[in-house]
Every structure is written in C-alpha cells, then in structure tokens.
Amino acid sequence: MNIADYMQKLGRDARQASRLVAAATTATKNKALLATAEALNTQREQLLEANALDMRAGAAKQLDSALLDRLELTPARVEAMIEGLQQVAALPDPVGAITDMNYRPSGIQVGKMRVPLGVIGIIYESRPNVTVEAASLCLKSGNAAILRGGSEALHSNQAIAACLKEGLKAAGLPTEAVQVVDTTDREAVGQLITLSEYVDVIVPRGGKGLIERISEEARIPVIKHLDGVCHVYIDQQADPDKAQAIAINAKTHRYGTCNTMETLLIHENQAASLLPLLAEAYAEKGVELRGCSRSRLLVPGMQAAIDSDWSTEYLAPVLAVRVVDSLDAAIEHINQYGSHHTDAIVTENYTRARRFLNEVDSSSVMINASTRFADGFEYGLGAEIGISTDKIHARGPVGLEGLTSQKYVVFGDGHIRQ
C-alpha cells in the first residue's frame, strides 16, 4: 500500500463528504448517531471478539497494565459508547445558530452564524471508545472526520468503524464522513498532519510525546494540550474542611487524568495544622509526597522535591507539595511551572479569589472546587473531544461549539453602500 496515495484519497473523500454533512439537518445527523448506537447494540459480540484479538496481541507485546486497561472493551464500556451516542444526539446542534444580530446605520443587519470547521483529523492512542466519541462529536457539529487510532486497537476500531458506516448509510449520509485509518504504518500520521489541502484541524489525544510530535510537525492548526500540571492552592483564609476535601479529591479521585492535581501549594499560616492531616490521608491512599524543605519539616519522612517535580505530570499516586508565604508566590509558581490547564484556589476571601481568577493564566481557574471538574460533561457541554490550553479558537474542554467556527452574515433588502 502506498501510504501517501491512501491518505490523499481519505482526504479527498473527507472533503467531499464534509460539504454534505455541513448541509445536513439536525434530524439527519441525529438519525445517523442513533442508527450507529443500534448497530453497536446488535454487534456487541463482534465488538468484544475484535477487542479480544487486540487484548491478546497487547499481552503478547507485554503492554503495561494501564495501557491494557484503556484498550479493553468490556460490556459496560460498550454500553457507555451506546449511551454516549444517544446523549450527543440529544444535545443542541450549534450549526446554523445566528447570534449578535444588530442593525447598522446603513440599515443592514449584521450577525454571526455557527459553521462547521470542515474536516477534522483526530489522532489518539489505546482507547477504542474514543473512536465513537470523536466520530459522534464531529458528525453532530457538521464535520467530516479522519480517525487514526493506536495500532494496538486496530481490530477494535475496525469493528466500530463498521457500525459507524451502518449509521451513516441509514441516515443517507456518505460513509466517507467518518473514516478510520486502517493501517498501522506510522507514516499515515505524518501524512495526515500535512494534508492541508483537505484537513482543516488536527486534534491529538494521547501522551505528551505524541502531542509534541504532532504540534511540531503539523502543517495544519492543532487543538491540543501537552500535559496537565494542575495545582490546588490552599490560601491563608481557606476553610480547613473544604481545603482537605478538595485537596484529597483533586489528587486521589483518579490518578491518570489530565485534570488531576499534581502540585499542592499551601500558605504557611495553614501548613502547620493542615499539612500533617493531609499527609496522613494521602499515606492511607498510597500517595507518595515530594516536598520543599518547609513541607518536609512539617511531615517527617517526606521525600525531597527536585526542580523537575514542579513541572511534572505524574499521572500516578505522586504529589509535589510546596509551602508558600503569599498569594503572590502561589500565582507566580503556577504561572511559572503549570501547563495552563486547570488550577484552583481554596479561600473564603472574595478579593483574593478574584485576584487568583484574574492572574492565573490557565484554561480553567476554580474557586473552592476540585480540579477534577475540568471536564466537558461536568461543564454542561455534554461531551468533549479533548481539552485545549491554546489561546486561539477553543480553550478548555472542547465540545460541539468548539468544533465550529463563526462567519459574519448580513441581511439586507436591496441595500447599497452610499
């Protein structure tokens, strides 16, 4: 197979299909989503059999347990994919929405209308359920999609792709509206991220290495975040009970997510009373603490942090801890070492909370809430394609609206410019 020719064909077909999907009605798009859900429902056995092939191959390659867990399709995960399609079908359609209409002195009306981005290339690792999530969000927002999953999930993704084709056919939409790359050759990724003639945006979902490569080599705009070095700062005027609950949840609710806290900052006036209690709670959950010299004086046996700990996304039961002497020091630390993903302050002081909101340069900034809330579903987006730490176009969780753009629309009645 000539990979360059193959990817060119995928791009051409996607571009043609994108025009039909962009013009499709909400009812048609929803029909495709619900028909795909029905196909997944009737082909559960085939999906699990395909996934078993990938799981056996993964075990033979000695993939680590975390990767195998993300790769596995259980009956519950298949059910979650079906429910996800139904939920996206129920979401409001952003395409065609016109806002900000106003009359100009000339008499014309000017507004903005939501339009699809066009063709979205999505590159991801391991989790085959991402195939359904990505396809459903792209379709509902009027976009065509080219999906390149990890080589370890090839059989699973092919089985899911067959269900997607059924859904598209049932709605009378071109099957090329969602195409799953069926080669494991790494050259396919290099080709996809340079198909500027056909692909409008790339969304990488995976580890930092993958996203760094895509960001450096792509000739197409990329919606991305490299990592999630998230902070919780316990202010001198924090409520101790709220602080404990948030700091424990933000770290231990789940370790392997990009919105998990990786560094705890605590004001020196709170540290003596709170830090030993938190250290005990973390120890019960098996979390290793790596702290500054002041933290280690308060918690004997805490491992010393090195400079790289402050900028590390552990995705594991490891937490960096630093005692700071002011809100200024906390904000400076976050803006220096953070990844602009999600950061939270715990405080009862309104003025200090507002300063934190204004001065922390992250895609999500929170007051008295766990960083684990930084999620499309929790934000009311229904679902997300990923999280963006970029400052142009979409920022934060990217849902249906983030997969659209806007164009100006003008309404006149024979108006001419004088």
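Modeller: Let me begin with the names of the elements: helices, of at least four residues, and strands, of at least two, are DSSP runs, numbered from the N terminus. Please keep in mind that this is a predicted model. In that numbering, the loop between β14 (386-388) and β15 (396-398) is the place of H393.

Colleague: Why does H393 count as partly exposed?

Modeller: The relative accessibility of H393 is 45%, and the partly exposed class lies between the limits of under 20% for buried and over 50% for exposed, so H393 counts as partly exposed. The phi of H393 is near 65°, a positive value in a residue other than glycine. Most residues other than glycine have a negative phi.

Colleague: What makes Q62 exposed?

Modeller: Q62 has a relative accessible area of 71%, and exposed means over 50%, so Q62 is exposed. Its place is in the loop between α3 (44-60) and α4, and Q62 likewise has a positive phi, near 60°, in a residue other than glycine.

Colleague: What makes α6 largely enclosed by the rest of the structure?

Modeller: Of the 12 residues of α6, 11 are buried, so the helix is largely enclosed by the rest of the structure. Those buried residues are N129, V130, T131, V132, A134, A135, S136, L137, C138, L139 and K140. To take S136 as a worked case, its relative accessibility is 4%, against a limit of under 20%, so S136 counts as buried. Not counting residues up to four places away in sequence, S136 touches L33, L85 and V88.

Colleague: How does the reach of α6 from its first C-alpha to its last compare with what is expected?

Modeller: Helix α6 (residues 129-140) reaches 17 Å, which is close to the 16 Å expected at 1.5 Å a residue. After α6 comes G142, whose phi is positive, near 80°.

Colleague: Which residues touch the most other members of the largest nonpolar core?

Modeller: That core has 50 residues, and L40, I122, L147 and I385 are the ones that touch the most other members. Helix α6 gives the most to this core, with seven residues. Apart from it lies another core, of 34 residues, among them A247, I266, L289 and W310. In soluble globular proteins, nonpolar side chains tend to be buried together. For I385, once neighbours within four places in sequence are left aside, the contacts are I122, A134, L137, C138, V203, R205, V398 and L403.

Colleague: Why are α2 and α5 called roughly antiparallel to each other?

Modeller: The axes of helix α2 (residues 26-42) and helix α5 (residues 75-90) cross at roughly 165° and come within 9 Å, and since angles over 145 degrees count as roughly antiparallel, α2 and α5 are therefore given that label. The crossing in which α2 passes α5 is left-handed. On the α2 side, N30, L33, L34, T36, A37, L40 and N41 meet V78, M81, I82, L85, Q86, V88 and A89 in α5.

Colleague: What makes α13 and α14 roughly parallel, by contrast?

Modeller: Helix α13 (residues 327-337) and helix α14 (residues 350-359) pack at an angle of about 20°, with their axes 11 Å apart. Because angles under 35 degrees count as roughly parallel, these two helices are roughly parallel to each other. Here α13 passes α14 in a right-handed crossing, and the residues that meet are L327, D328, I331, I334 and N335 in α13 and R352, R355, F356 and E359 in α14.

Terms used:
Residues are numbered from 1 along each chain as its sequence is written. This is a predicted model: local features need pLDDT of at least 70, side-chain atom pairs count only at pLDDT 80 or more; totals for chains, interfaces and linings use all residues. Side-chain values use heavy atoms; hydrogens and water are left out. The expected span of a helix is 1.5 Å times one less than its number of residues. Buried means under 20% relative accessible area, exposed over 50%, partly exposed in between (1.4 Å probe, protein chains only). A nonpolar core is a set of buried Ala, Val, Leu, Ile, Met, Phe, Trp, Tyr and Cys residues joined through side-chain atoms within 4.5 Å. Contact means heavy atoms within 4.5 Å. Axes are lines fitted to C-alpha atoms, for helices over the stretch in contact, and angles run from 0 to 180 degrees between N-to-C directions. Angles under 35 degrees count as roughly parallel, over 145 as roughly antiparallel, 65 to 115 as roughly perpendicular and the rest as oblique. A crossing is left-handed if the near helix is turned anticlockwise from the far one by less than a right angle, and right-handed if clockwise.
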